Amino acid sequence: IQTPIVDARLDDGSRINATIPPISVDGPTLTIRKFRKNPYTIVDLIKSNTINIHFAAFMWLAIEGMGVKSSNIIIAGGTGSGKTTTLNTLTTFIPPYERIITIEDTLEMQIPHNHIIRNETRPPNIENKGEITMDLLLKNSLRQRPDRIIVGEVRTNEAITLFGALNTGHSGMGTVHANSAHETITRLINPPMNVPPIMIKSINYKRK
């Protein structure tokens, strides 16, 4: 009764959520979210007319960096708009020699890369101890010699840590829940993220 919600992961990567009364008033519930065995590729997005070949080529240049400096990218969109799917497909452009650190609340990203460290947050226990937050994982990732830091979804104060890392020369990618480019910047520089406007320039954005 003290812990009526369970959020866990099955061996095949599927997410499982279970509840019991009094949280679910009409009785116990069990929900399983399955993921594709074969993740979408950039070719799939082109064939489905989600993006065109010119945009794909541009993103390849931006993410690979032409051997000089890769771009920092924030993917924004509404719920179910395909932010994580897009992020997954774009990571195929990351050079194979780069070391990637991923940080997620819930492991959803399926990145086709050999040199990768995947991190997942941990909720507090019944005594409200032992919580591992995204901000803590992000700070730790800076000690793991990352070439690229990827945050599953930026929500709160981990945004400041992420943008701090981007401003010190690290390359990064992430997603934000927002419905437009303007709303994305507005959310980033206001509570609960509170990214200083001067740091926003790390994603090559210019406010008019």
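Strand β2 pairs with strand β3 (residues 29–33) in the antiparallel sense over 5 bridges. Strands here are DSSP runs of E with at least two residues, helices are runs of H or I with at least four, and both are numbered from the N terminus. Two strands count as paired if DSSP finds at least two bridges between them. Within this pair, Thr19 stands opposite Thr29 in β3. Strands of a sheet pair through backbone hydrogen bonds, either parallel or antiparallel.

The model is predicted, so local features need pLDDT of at least 70 and side-chain atom pairs count only at pLDDT 80 or more, while totals for chains, interfaces and linings use all residues. Residues are numbered from 1 along each chain as its sequence is written, and side-chain values use heavy atoms, with hydrogens and water left out.

Strand β2 (residues 15–19) also runs antiparallel to strand β1 (residues 5–9), joined by 5 bridges. Here Arg9 stands opposite Arg15 in β2. The hairpin of β1 and β2 has 5 residues between the strands, and Gly13 takes a positive phi near 95° in this hairpin.

Another group of 5 strands forms an open sheet with parallel pairing, in the order β4-β8-β7-β5-β6. Its edge strands, each pairing on one side only, are β4 (73–77) and β6 (116–120). From one strand to the next the twist averages 15°, with axes taken as lines fitted to C-alpha atoms (for helices, over the stretch in contact) and angles running from 0 to 180 degrees between N-to-C directions. Strand β4 pairs with β8 (residues 171–177) over 5 bridges in the parallel sense, and Ile73 stands opposite Met173 in β8.

Next come the pockets. On a 1 Å grid over the protein atoms alone, a pocket is an open set of points where a 1.4 Å probe fits, with protein on both sides within 12 Å along at least five of seven lines; lining residues have an atom within 4 Å of a point. The largest pocket has a volume of about 950 Å³, a volume being the space filled by probe spheres set on the points, which are joined across faces, edges and corners. This pocket is lined by 38 residues, and Arg33, Phe35, Thr84, Thr106 and Glu108 lie nearest its centre. The elements giving two or more residues to this lining are β1, β2, β3, α3 (83–90) and β8.

The second largest pocket has a volume of about 450 Å³. Its lining has 21 residues, of which Ile73, Ile74, Ile75, Ala76 and Ala181 lie nearest the centre. Strand β4 provides the largest share of this lining, 5 residues.
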